[in-house]
Every structure is written in structure tokens, then in C-alpha cells.
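Hi,

Here's the structure I said I'd pass along. Have a look at it first, and my notes on the cavities and the surface follow below.

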Amino acid sequence: MDLAQEEPAGDGEMEELVRVSTAKIPNGENHLQRTHFPGMVRKKAYIFDGLGNYYNKEWDLAEGSGQEFCWYHVELPKGKQKLSQSAQYLIDVLCPPLKLQDILSLVSNGPFCGHVDGALVFRVNSPGPPSSNFTFRLAARVTKNSVITISLGRVPRLGFSPVGQSLLSEIPSIESPSYHRGERNEGSGIVIREHVLEFLLTMNHSEEADNPVPKSVSNLVVHIIDTHMDHLQDVVTKLEMELDSVELELDRGGFALKKEMLDDRRFPKMHLNLQRLLQVIAHGEQVFPRVKEKCSSKHWFASEDIGSLEELIGRLRRLKENVGFLANRVTAIQASLDSWQSEQINRKLYYLSFLSIIFLPLSVITGVFGMNVGGVPWTVQKDPALKDGFRNVMGLCLAMLLLVLLCFIFPALYSRLTAWLRRRSLKRTWSHNRRSFLKRTIGLQERGGYLRI
């Protein structure tokens, strides 16, 4: 009887068992039993006093009180991990107090803006591979006294650092053989290497030490979206510089460089990266206006920050137009390379046709003298019954040749004939009208009258 009553539990029963067993475990014990991933994510925690000052704090995910507010930032690694692995990283560092629905709303792909468990959550996560430089993921959970953000990789100028540690505030000096890296001499500034200058030229913003410290949560939200926009602008600027250098190389390069670019599929890959970038910008166009709309109903969100969000939305639209221009340039360059490749193929076909023209008469001669018929010249065939075979075959070949030529020439002859007949009829009509006009004119001149028009 006992064995007959034991049946496999269904999906609903298994979920109920998991829920009951999990409820029996205290929160502290359940958190300790989870698998941790030390060192897999970077964490930053700040507390702001609302007066323009900030301090580093421990990672306790507590909210501020009064004018104070806290900011917790998680930086996911740019690797080949799955989305579920990223969710486990966030569960490890954000739970508790966050719940599973909070984690899913922050880590999922695609655009989103809405309220989850009383907090405003928005994300602009592109679904590309995490290891790509054109995959952007930024999510935020905003409450009155705390902000939690998640990004994929490092976002430039997102954090804060003490004033005076910025490289941009230094007096630069030209590199010389006597200088060492980072060395200062009397009466001179710090030496900036060439590769550092190339990196700084792609930046459209200042460094972390130059960031204004937010005095409210609304200032911090604007700062987060602004740094995301700067990150996108940096990537677009780098693409523009790379495209300019490639165009110069194509103008100076020859056959080998163009063949290498076609073999490497460099421009189709660049076009694919631009499409991914356009997808990220399209997500921002969907999310950020909704963020502005929802934040405008919050009493703790400043009105001037609403205007700042509107300016960032307009900047995003202009950035989308710029990326569209880059995509058109890439398409034009790829079209020119395809045209060059077609010219190379046509040139090779021309050489092949020239060789066929040379060898075609030889093949005709060998074919003619290789026929197994009688009467072939310069042979020893003397049979009277076969003496007309060669002449008959040549007559048949000539008839076929005339037929083929007639098929090709007939349309041209027909068009020329119809054009000649048309011109002849026009001349005849014009001459008749001219004679009749002259007769009427002479008659009017003799009578001294006027010509009716």
C-alpha cells in the first residue's frame, strides 16, 4: 500500500516543496550556503551628504537618511559568460535586500523602464556578446535615498576620485630621450607619451576627478545617463578616426592592401558593429524619454534635472544621425571595393578572352583537317566516291555561319531600315510643307497682305 501511494511529484508539487524548504531556512543561513564568486565583479559604494561632498563606504546596500543618499555600482566582467552567469554574480552581491524580480529586471536584455517593488528601474542592455566592444549594458534601480547601477565593463567618468588626481589638470611636456615615463624635471611638466595622446583624443569628456559631486539623487541619475552618452560618443569618435585612417590607406595603398581588406571582411564587420551601436541608441531613445516622464512625477526629482534629461535625449538623437552617416560611409567604401574587385575580374576575363581569340583559329584548323570525310586537301584520299565530302561539310558549315550571323545582324538591320524609312517620310513631309508655305508667302507678298499665324 505504501509503495502504491508513492508517485512522482509534478512541477507544481516540486515548486511547493522548494518554497517550503527554502522558507524553513533562515535568511542568514541561506545567504551563507550560496556559491560566492569572489573577485568576479567590481564594486563601488559612495555616500553623499547632499552638500557637495562624498565619501567611500562599505558595501551594505543600506539607504541614506535625510539629505544623505547612497550609490552602489556593480561592474560585470566583459567575458564570454552567459546571461544566467551574470545573474548569479548579481545575486551574490545584491541579495539580500534585493529580490529575484529586481535582479531579473536589472540583468535582462532589451530596453525597460518601470516600477519594480516600489523602485524606478530602467535598463538599456543590448543583446550582443559581452566580450564585444559594441555591446553596452547599463541598468539602474532608483529610490529616494539610494541608487544601484550595473554596467558591463568600465564606463569612463562614471565614478568619483579626489580632486588633483586628474591627468588633464597637469602641464604637459614633449617627450625626449632624456625623460623617463612619468618623470618630472625642473621647470617642465609631465611627459605625455604618444599612445596616451591618441587615447585622450578619443575622449569627449573630462576624467573622474573633474566630475561635479551630485547634491541629490536626481543629479546622480543625470550623471549616470550623461556618462553612458559619453561612452557611446567615445566609441563613435574612435570609429570616425579609424574610418579616416582606413580611407587614407586605401588612397595610398595598392592591390595587396585592397585584397587584404576584402579577405578580412573588414568593412562588413564594421557595418555590423555600427548596427549594434544603432541598436543601443534605439534602446536609449525608447527608455530615456520614459525615465524623464516618470521622474517628472517624483517630488524629490529636481525640475532643472528634467531639463538636463531632455538635453541628453536630444544629444542621443544627434548621435544616432552621426552613426547613420558613418554607416553610409562604410557602405560607400565597401561599394568602391566591390567595384574594384569587379574590375579585376573583368580584366582577368579580358586576358582569358584574348587567349581564346589566339587559340580559336588553331582549333578550327585542327578540327577541319581532323574530319573523317573524303576530299580533304593535302591528304592521300583518292576515292572518287568520297571526293565531294569535304566540300559538302564546308558548305554546311558556311550555311550555319551565315544563319548565326543573320540572327545577330537582323535586329540591327531592322532598326536601321525603320529609322531610314522614318527619316525619309519626315523629309518628304517637310519638303511638301515648305513648298506650300512658300507658295502662300509669295502670294501674300504679291497682294501686300499679312500672314495669318
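**Cavities and a surface patch**

The second largest cavity has a volume of about 30 Å³. Just so you know, this is a predicted model. Around that second largest cavity you'll find Lys-44, His-73, Glu-75, Arg-154, Val-155 and Leu-158. That lining splits into 3 charged, 2 nonpolar and 1 polar residue.

If you'd like to find the largest cavity by its helices and strands, go to helix H4 (83–94), helix H5 (100–107), strand E6 (138–142) and strand E7 (146–152), as each of them supplies at least two residues of the lining. E7 gives the most, with 3 residues.

Now for the outside. A nonpolar surface patch of about 790 Å² is formed by Leu-398, Leu-401, Leu-402, Val-404, Leu-405, Phe-408, Ile-409 and Leu-413. Is Leu-402 buried or exposed? Its relative accessible area is 52%, and the cut-off for exposed is over 50%, so Leu-402 counts as exposed.

Cheers

Note on methods
Residues are numbered from 1 along each chain as its sequence is written. This is a predicted model: local features need pLDDT of at least 70, side-chain atom pairs count only at pLDDT 80 or more; totals for chains, interfaces and linings use all residues. Side-chain values use heavy atoms; hydrogens and water are left out. Helices (H or I, at least four residues) and strands (E, at least two) are DSSP runs, numbered from the N terminus. On a 1 Å grid over the protein atoms alone, a cavity is a set of points where a 1.4 Å probe fits but cannot get out, and a pocket is an open set with protein on both sides within 12 Å along at least five of seven lines; lining residues have an atom within 4 Å of a point. Grid points are joined across faces, edges and corners, and a volume is the space filled by probe spheres set on the points. Ala, Val, Leu, Ile, Met, Phe, Trp, Tyr, Cys and Pro count as nonpolar, Asp, Glu, Lys and Arg as charged, and the others, Gly among them, as polar. Patches are made of residues with over 30% relative accessible area and no salt bridge: like charges are joined within 9 Å, nonpolar side chains (Val, Leu, Ile, Met, Phe, Trp, Tyr) within 5 Å. Accessible areas come from the Shrake-Rupley method with a 1.4 Å probe; for residues, only the protein chains shown count as cover. A salt bridge is a side-chain nitrogen of Lys or Arg within 4 Å of a carboxyl oxygen of Asp or Glu. Buried means under 20% relative accessible area, exposed over 50%, partly exposed in between (1.4 Å probe, protein chains only).
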